[in-house]
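I opened this structure for a first look. My notes follow in the order I made them.

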2 protein chains.
Amino acid sequence: MTDPIAEDAADDEASRSVVSRALAIIGTFHGGRERQSLSELSRNSGVPIATAYRIVQRLADWGALERDEAGKYRIGLRLWEVASLAPRSMGLQRIARPYMQDLYETTHYNVQLAVREGSELVSVERFQNPQYRRGRPRVGGRYALHVTAIGLVLLAHAPDEVREEVLAGPLKRYTEHTYTDPAQLRRVLAEVRSHGFAISDRQMDLDHVGVAAPVFGPDGSVVAALSLVLRHDDVDEKNMVHLVRVTANGISRALRKAGEAGRAPV
Amino acid sequence: MTDPIAEDAADDEASRSVVSRALAIIGTFHGGRERQSLSELSRNSGVPIATAYRIVQRLADWGALERDEAGKYRIGLRLWEVASLAPRSMGLQRIARPYMQDLYETTHYNVQLAVREGSELVSVERFQNPQYRRGRPRVGGRYALHVTAIGLVLLAHAPDEVREEVLAGPLKRYTEHTYTDPAQLRRVLAEVRSHGFAISDRQMDLDHVGVAAPVFGPDGSVVAALSLVLRHDDVDEKNMVHLVRVTANGISRALRKAGEAGRAPV
DNA sequence: ACCGAACCTTTCACCAGCCGGAAAGCTGTT
DNA sequence: AACAGCTTTCCGGCTGGTGAAAGGTTCGGT
């Protein structure tokens, strides 16, 4: 089996430590590689097999990994349990879901919620129209910031150094409409900030238009973005801007209220 | 601040290893303790502070932990990303959600999905009526098997040793209707197996009635359970049994189809 | 049935890297 | 200003981790 993804070997100074090796091992799991044998774990993480053996034993004892019937390892339920305490994903999600559901039920278009992590976005929650699902944005998946409406919102409100990094780096082209000129993208981002929403018109693929708006945390910073994705010939996306913004603001308000109540998800 | 939960110190043979210490540290997080300072992590995990410091550094470097503005540590987004690859939670959830949503929209009662982990149940997904939310079953939370309808289904189909363990152990009473007599519970579980569903009538609290049915994996084993929770004076729960069973069977069928397509969630 | 390949598991002796006490910074508080 | 609590750094002692290698097992091919 050839690897579609480059090997995850890491050669940092700190990568010799046991903890780093353990993390390298669990980091080999990603979409499309959800079950691995011990040998695969060793190969993909760059950790020697005997070492991997012992580490995997301990991870499995604790429940971070599990073995299936075939003896392969997969991410364990216990790890998911603690991960579901991550404020930036599940904490946010818990509050945002009712709003997203309302938006979905009034429009029946795909609704997305994402946060920024470094110079990428991570999809945190989505509601999809079953008749019409693009598998693409997997919950838990990472995607580029400069392509989608939701990414443009997050990029527009990112710290300067992140924005400059993305603007400097190569801007991968997906369609003829994708922004690949840094100067143009910079102009667009300024508009996103001043208007309070972003539109991505066939920049990811030629069939879809996205409308996105920022979600603010209790301290006024942008902690997430909400988007609605529709087919570009379905309806005029301008009509949807208000709806998306109102929903995003509703989530922001709920976050502020939850913050005041003590349990502050950011 | 006094701890509502007993200290998580562990003194096993293997608990001296670095990996086990790291896991002990991330294991100190649970509902109600989502943000901890380094000192708290050290105290709650039993790991000396200097050691905890080094381990936490590495966990934070990788993204398993993050620091918030106040300098406290919380579960990081990166950990949630890999955890969202756990077949028994997110894999199952991805398939079950549309069915759960349909059930919710036709009834507007609370819908739950849970799996068994050891002698407890872990809530994997839920749809709640906003007007009427009991905060109780937090997604990612653990609960006893003998009290709720969903737990009774999971317990009825658990391996013998698990069932015996639960029957032997103390059966905590929540209301006057809770099953606390092992012989009685054993009889109930046999009925659950033969009838293909479970009903919990005010056994958790005096207001709610639950109806639950098993979800089968591709190999015919019970991998999860689905439940509908209603107020006991709302409607005759018998009317709901058919609906819950049909929905659970729909999920089972979808799991089988996904299994045949290669990506087998269990 | 036989053989070979690939994988999983276990052992072992050495030494790299970890452990943790102690003390120095760094806040924010009385 | 002194204090209390938390975070960070340092370093000697030594223990648990490491990786090669061998035995066991499962599979597929001939």
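Entry 1: I began with strand 6 (residues 198-201) of chain A, which runs antiparallel to strand 7 of chain A and is joined to it by four bridges. The model is a predicted one, which I keep in mind throughout. I looked up D201(A) and found V209(A), in strand 7 of chain A, as its bridge partner. Six residues lie between strand 6 and strand 7 of chain A in this hairpin, and R202(A) there has a positive phi near 55°.

Next I followed strand 7 of chain A to its other neighbour. Nine bridges join strand 7 to strand 8 (residues 222-231) of chain A, again antiparallel. A213(A) faces L226(A) of strand 8. This hairpin has five residues between its strands, and G220(A) in the turn shows a positive phi of about 90°.

Is strand 7 of chain A buried or exposed? I found eight of its nine residues (208-216) buried, so the strand is largely enclosed by the rest of the structure.

**Entry 2: helix 6 of chain A.** I checked helix 6 (residues 149-156) of chain A and found eight of its eight residues buried. Among them are I150(A), L152(A) and V153(A).

**Entry 3: Q112(A).** I placed Q112(A) in strand 3 (residues 110-117) of chain A. Q112(A) has a relative accessible area of 9%, so it counts as buried, the limit being under 20%. Its side chain makes a polar contact with the side chain of S123(A) at 3.4 Å. I also listed what Q112(A) touches: I150(A) and L226(A) are among the residues. Both had already come up, I150(A) in helix 6 and L226(A) in strand 8.

**Entry 4: salt bridges.** How many salt bridges are there over all chains? I noted 26. Side chains of opposite charge can pair when their charged atoms come close.

I picked R97(A) and E125(B), whose side chains meet at 3.0 Å, N to O. This pair crosses between chains, from helix 5 (residues 87-107) of chain A to strand 4 (residues 120-127) of chain B. Both R97(A) and E125(B) are buried.

Then I took K72(B) and E40(B), with closest N and O atoms 3.6 Å apart. K72(B) sits in the loop between strands 1 and 2 of chain B and E40(B) in helix 2, so the pair ties together parts 32 residues apart in sequence. K72(B) is partly exposed at 31% relative accessibility, whereas E40(B) is buried at 18%.

Last, I logged R163(B) with D160(B), at 2.7 Å. Both lie in helix 7 (residues 160-168) of chain B, three residues apart.

Technical notes:
Residues are numbered from 1 along each chain as its sequence is written. Chains are lettered from A and ligands numbered from 1 in the order in which they are written. This is a predicted model: local features need pLDDT of at least 70, side-chain atom pairs count only at pLDDT 80 or more; totals for chains, interfaces and linings use all residues. Side-chain values use heavy atoms; hydrogens and water are left out. Buried means under 20% relative accessible area, exposed over 50%, partly exposed in between (1.4 Å probe, protein chains only). Helices (H or I, at least four residues) and strands (E, at least two) are DSSP runs, numbered from the N terminus. Two strands pair if DSSP finds at least two bridges between them. A polar contact is a pair of N or O atoms within 3.5 Å; within protein, one must be able to donate a hydrogen and the other to accept it, and residues adjacent in sequence count only if both atoms are side-chain atoms. Contact means heavy atoms within 4.5 Å. A salt bridge is a side-chain nitrogen of Lys or Arg within 4 Å of a carboxyl oxygen of Asp or Glu. Lists of a residue's contacts leave out its neighbours within four places in sequence.
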